Amino acid sequence: MNQKILLTMKDISKSFPGVLALQHVQFTLRKGEIHALMGENGAGKSTLIKVLTGVYQLESGEIRMDGAARPIVNHSPQEAQANGISTVYQEVNLCPNLTVAENLFLGREPRRFGMIDWKTMNRKSEALLKSLEIPVAPAAMLEECSLAIQQMIAIARAVDMRCKVLILDEPTSSLDDDEVEKLFALMRKLKAEGVGILFVTHFLEQVYAVCDRITVLRNGGFVGEYETKDLPRVMLVAKMLGKDLDDLAEIKSAHSEHRFEEEKVPVISARQLGHRGTIKPFDLDIRKGEVVGLTGLLGSGRSEMVRVLYGADRPDCGKLMVRGRKAKISKPLDAMKLGMGYLPENRQRDGIIAELSVRENIIIALQAKRGMCRLMSRREMDEAADRYIDLLQIKTAGRETPVKSLSGGNQQKVIIGRWLLTHPDYLILDEPTRGIDIGTKTAIQKLVLSLADQGMAVTFISAEVEEMLRTCSRMLVLRDGRKVGELSGDELNQETVMQTIAGGGEDDG
Amino acid sequence: MAETKPSVWKKITSNRLFLPVVCLLVVLLINVIRTPAFFQISIRNGVLYGYIVDVVNRASELVILAVGMTLVTAASGGQDISVGAVMAVAAAVCCQILSGGKVTTSAFQNPLLLAIVAALAASALCGAFNGFLVARLKIQPMVATLILFTAGRGIAQLVTQGQITYVRVGTYQVIGGYIASCPIPTPIFIAIGTALLVYLVLNKTALGLSIESVGINGSASRLVGLNSTMIQFLTYVLCGLLAGVAGIVASSRIYSADANNIGLNLEMDAILAVALGGNFLGGGKFSLMGSVIGAFTIQALTTTLYAMNVSGDQLPVYKAIAVVIIVTLQSPVFQEFLKARKVRRRRTAEGGSCG
């Protein structure tokens, strides 16, 4: 293949206060190729795109476009567009209350005597839609079109603005299979016309269906660029998840394989529990003293599964038994009263209550469980806060410090303390170690194992397979909102886990 | 720096009530300069008399409204702009029951207690309506309460059948006047009592903490088991109820139910009181005391302007100027500017001493 190079990004670095979001990342896009950008959450995909489109300013490195003598610097998405780089986001950035034609020509309407020339606009729209084979009338209202059509119109708009590089940021996450197929047809057509497409998605199937090349990022670093046909799925998953080696290897061996065998009845037992649109019906049993891991790529349903268990999303089918009794959980408080605790995936959005103090953040769940009228005494609150600050070694100036001024790891510990204070039988930890330093990470893993030793049932979710292998006695694998495997004993090794996550790719692995 | 513990001065200035108090003091100071007799209190006809008594007395309705507004603001990050109209509804219900449906009465046609309870129930119902729209249907507070803001006075007119209902009974005037021979105006007791009661409810139950939590992060609050919807709803009911109390006080002052004028424009003053009290209008942590101080500041300002012979028509202009100054002083940008200036000064001072 001797394709002409369209865009090169070299040695790109970008940092935010306290985080190196991108370190010496490179990316090359050729004429007429579809290039997937892959990586787990926080790998730096969005940052890279935002640097490319001028939303963020790059700190070092350079971006070169074919035809430009000097490196280009985009200060805004408009400038990027002028340079031939257009982006279509997951949420369509168009006006739903305007017609298709109006959306196509918004801001650059053909004019006649200073007025919008509707005739020309509709004619041009029709021609454009026809050339891209998008089945919609120019006069139709955008909001009446399906999401896929809306995505296509956004793409058509970009194409008509003579873009050379088209960025598709997770365009398929809210489309069904038919719609995805239509979108792919359009992508292939553009590819044949020589447009370079940068495609971001979490769905492996889609990568292998349309992409020519894959660039993998991990933790803000560049992992590599591969031809799709040379990179088996398992390898891709391995590259995305990485294999950090740290000082944790011995944890698991220290953990006594103490099982609470006498307990026949599972603490949690789900039968065909599901929630439309997020997680397909699943069965799950979790026993006392057991750490069960949920794994799968982002968007596979691992977080959605626990949200249904905890009542954060109300299940719409199936039943749930707690300690052998049928339980009706329609809101988090119901789950808490049955002895559950839940550390959510998104600490900032769903976890901490930023302006409240460490003390208030720790006691809030227990207080809510007790009810509005039975306010904990100030002494009880202080003691509880001090106990968990001490036990979990939370680094804070004092118990009255606002929790927002703590570091991420310490905020996470505050939330763990919040749940331990309620003495749960079943604790859900969704990504408790994300974005926190290695020391705290180890501490949290040790804590999980010691809680299990004391008889607590734990569900542990992490993007790092290594970490899960160390802590979990059993692992459930999810893919595309479905439970696809359950591993225990000898099956708990990196190889098998990754095979199961990737699925469908055993023959090329 | 060899400072081991923060100085007393620093402790005072870093208190969140510092600026609201300073603003109140500045307004009072201007008063004293303009009207030396401002703080003079005398007894005339057996009751306290003087500018300052007038300020505190007249501020009562505003204090009560500001308390309710604070809660609504904290829990929902929005304001209830219907409180003025709800005051009119409560006044109309109260007077109409007392007069037994007639335009004017010189004797209670129904027990006073019944009238008060009915008026409060009506205002709580208005609050519940607002609360339902905001908490359950997730309509923006400003839009949701706009409905009663416009319709409330119409409802009050319907209740009084388009008349101004007069209740010319001494007992009714006690609420907005004086109890027997007590020289202190009754509204002051009612305002202080209400604020104190709400304060106790918030701090002796988990309601205060829950309101703050829901206002800061509704999603996280739900996941720790708080019923965000219920808590927001409750604050609106409470806000309506308090508007009812203020409405009864206002109506008793003029012993009538004037649907067009009771509580007119008071909702804006109440929102302003919350803001002047150093509370963030986007919700979250709040200080009741701050809002109460804010309410007194506004009333002091109004009285000052009257004392300076500013006519009622021009009043809003001067008030607006004063408010702009106060709000600017408290704005984060201005605070940053002051801090930066202080640092710069310290640096030049140190640079000078070190050579």
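Residues are numbered from 1 along each chain as its sequence is written, while chains are lettered from A and ligands numbered from 1 in the order in which they are written. Because the model is predicted, local features need pLDDT of at least 70 and side-chain atom pairs count only at pLDDT 80 or more, whereas totals for chains, interfaces and linings use all residues.

View 1. Helices (H or I, at least four residues) and strands (E, at least two) are DSSP runs, numbered from the N terminus. A residue is called buried if 20 or more other C-beta atoms lie within 10 Å of its own, exposed if 12 or fewer do, and partly exposed in between, with C-beta atoms placed from the backbone. By this rule 5 of the 5 residues of β18(A), residues 426-430, are buried, so the strand is largely enclosed by the rest of the structure. A:Y426, A:I428 and A:D430 point one way from the strand, and A:L427 and A:L429 point the other way. In a regular strand the side chains alternate between the two faces of the sheet. Two strands are said to pair if DSSP finds at least two bridges between them. Strand β17 of chain A (residues 340-343) pairs with β18(A) in the parallel sense over 4 bridges, and here A:Y342 has A:I428 as its bridge partner. Strand β19 of chain A (residues 457-461) also runs parallel to β18(A), joined to it by 5 bridges, with A:V458 as the bridge partner of A:L427.

**View 2. A:L168 and A:V200 in chain A.** A:L168 belongs to strand β8 of chain A, and A:V200 to strand β9 (residues 196-200) of chain A. A:L168 is buried, with 25 other C-beta atoms within 10 Å, and A:V200 counts as buried with 22 C-beta neighbours inside 10 Å. Although they are 32 residues apart along the chain, their C-alpha atoms are separated by 6.1 Å. Two residues are in contact if their C-beta atoms, placed from the backbone, lie within 7 Å. Leaving out residues up to four places away in sequence, A:L168 touches A:V88, A:I197, A:L198, A:F199 and A:V200, while A:V200 touches A:L37, A:K45, A:L168, A:D169 and A:E170. A:V88 is also the bridge partner of A:L168, in a parallel pairing of 4 bridges between β5(A) and β8(A), residues 165-169.

**View 3. Helix α18 of chain A and its surroundings.** In this helix, residues 494-502, the buried residues include A:V497, A:M498, A:Q499, A:T500, A:I501 and A:A502. The buried residues pack against helices α7, α8 and α17 and strands β14, β20 and β21 of chain A. Just after the helix, A:G503 takes a positive phi of about 60°.

View 4. The expected span of a helix is 1.5 Å times one less than its number of residues. For the 17 residues of α2(B), residues 18-34, this should give 24 Å, and the end C-alpha atoms are 24 Å apart, which agrees. Which residues of α2(B) are buried? They are B:P20, B:C23, B:L24, B:V27 and B:N31. These cover an arc of only 95° around the axis, taken from the directions from the helix axis to the C-beta atoms, which puts them on the same side of α2(B). On the other side, B:L25, B:L29, B:V32 and B:I33 are exposed. What covers the buried residues includes helices α13 (266-276), α14 (288-307) and α15 (315-330) of chain B.

**View 5. Where chain A touches chain B.** In this view, 24 residues of chain A are in contact with 20 residues of chain B. The elements of chain A that give two or more residues to its side of the contact are α11 (332-337), α12 (347-351) and α13 (358-370), and α13(A) gives the most, with 6 residues. By class, this side of chain A has 16 nonpolar, 2 polar and 6 charged residues, where Ala, Val, Leu, Ile, Met, Phe, Trp, Tyr, Cys and Pro count as nonpolar, Asp, Glu, Lys and Arg as charged, and the others, Gly among them, as polar.
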